[in-house]
Amino acid sequence: MNERRDEIRRENKKALKKFILIIVIAAAFGGAAGLLGTIFRENIIKFAGILTGSTSINILFYIFLAVFLIIHMGAFYTYRKYKKVKEFWDGEDEETADRIEEKISYVIWAEYIATALGFLYFALMLGTENFESLSLWKGIAVFAVFIINVVLITLIQQKCVDLEKEMSPEKQGSVYDTKFNEKWLESCDEAERMMIYRSAWTSYRVMGTAYVIAWAVTFLAHEFFNTGLFACCVVIVLWMIQNSVYCYKSIHLSK
């Protein structure tokens, strides 16, 4: 027992040195960023004003349209291309099956990005001040683009899931079903489930860092641009929810 305790102490001591170094570097970086921000405060505020001005918002209106068009066209082209590959698939060539599944995964990934960008687009364009700077037809167009984007995302994801189900008859679940994720997971084999679990664990770890960065950004935005602390509080609440769900599920599954 004493040997084990000594081993634990040595491991902690070794890791502590690296941990302290990271904290010192982070503190130095944060201090330098704060000092530079204070020195160039007026320039930063002017630059932010340019970014959020009516001209910039009108430019973003067209940029987002182009981005949505590129994402959906690229996704649909990839889907169609590998749907044809599947039609010539003999049902046994695993290399071809893996290639199709990989490309379809990229399509779904692109549509996830389009989903997030769609909500960002809606918020940026229809923020009170920004909305007032848009013409009437552009304001109406924002609503239309948002809805069309959501419809296209759903349709493309549905086609991708259906293609996966055609290749793997054991797969279950419809994109339009509110319990799709649960049914899909239940129909996966052990290897696929392990891949999902490992991906989820990686996402959990990355988001732990992302929340810290998001907190820092929202706090600095409040300090320099008087944006308020609401965004900072939202980040913290989401961070607590993620960790609470993880801890609760871990305790529940250990019983």
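## Overall fold

Helices (H or I, at least four residues) and strands (E, at least two) are DSSP runs, numbered from the N terminus. Read in sequence order, the protein chain goes α-α-α-α-α-α-α-α-α, with nine helices and zero strands. This is a predicted model, in which local features need pLDDT of at least 70, side-chain atom pairs count only at pLDDT 80 or more, and totals for chains, interfaces and linings use all residues. Residues are numbered from 1 along each chain as its sequence is written, and side-chain values use heavy atoms, with hydrogens and water left out.

Of the 255 residues in the protein chain, 24% count as buried; here buried means under 20% relative accessible area, exposed over 50% and partly exposed in between (1.4 Å probe, protein chains only). Take the contacts (heavy atoms within 4.5 Å) between residues at least 6 apart in sequence: 62% of them join residues at least 24 apart.

## The largest pocket

A pocket is found on a 1 Å grid over the protein atoms alone, as an open set of points where a 1.4 Å probe fits, with protein on both sides within 12 Å along at least five of seven lines; lining residues have an atom within 4 Å of a point. The largest pocket has a volume of about 1,600 Å³, where volume is the space filled by probe spheres set on the points, joined across faces, edges and corners. It is lined by 32 residues, and the closest to its centre are Tyr112, Asn181, Trp184, Ile196 and Ser199.

Two or more lining residues come from each of helix 4 (94-126), helix 6 (136-167), helix 7 (180-187), helix 8 (190-225) and helix 9 (230-254). Helix 8 gives the largest share, 11 residues. By type, the lining has 18 nonpolar, eight polar and six charged residues; Ala, Val, Leu, Ile, Met, Phe, Trp, Tyr, Cys and Pro count as nonpolar, Asp, Glu, Lys and Arg as charged, and the others, Gly among them, as polar.

Phe180, Trp184 and Ser187 are the buried residues to look for in helix 7. Seen down the helix axis, they fall within an arc of 65°, so they line one face of helix 7; the arc is that of the directions from the axis to the C-beta atoms. Helix 6 is among what covers these buried residues. On the face turned away from the buried side, you will find the exposed residues Asn181 and Glu186.

## Cysteines without a bond

The structure holds zero disulfides, a disulfide being a pair of cysteine sulfur atoms within 2.5 Å. Cys232 is in no disulfide, and its nearest cysteine sulfur, in Cys233, is 5.9 Å away, which is too far for a bond. Cys232 is buried at 8% relative accessible area, whereas Cys233 is partly exposed at 46%.
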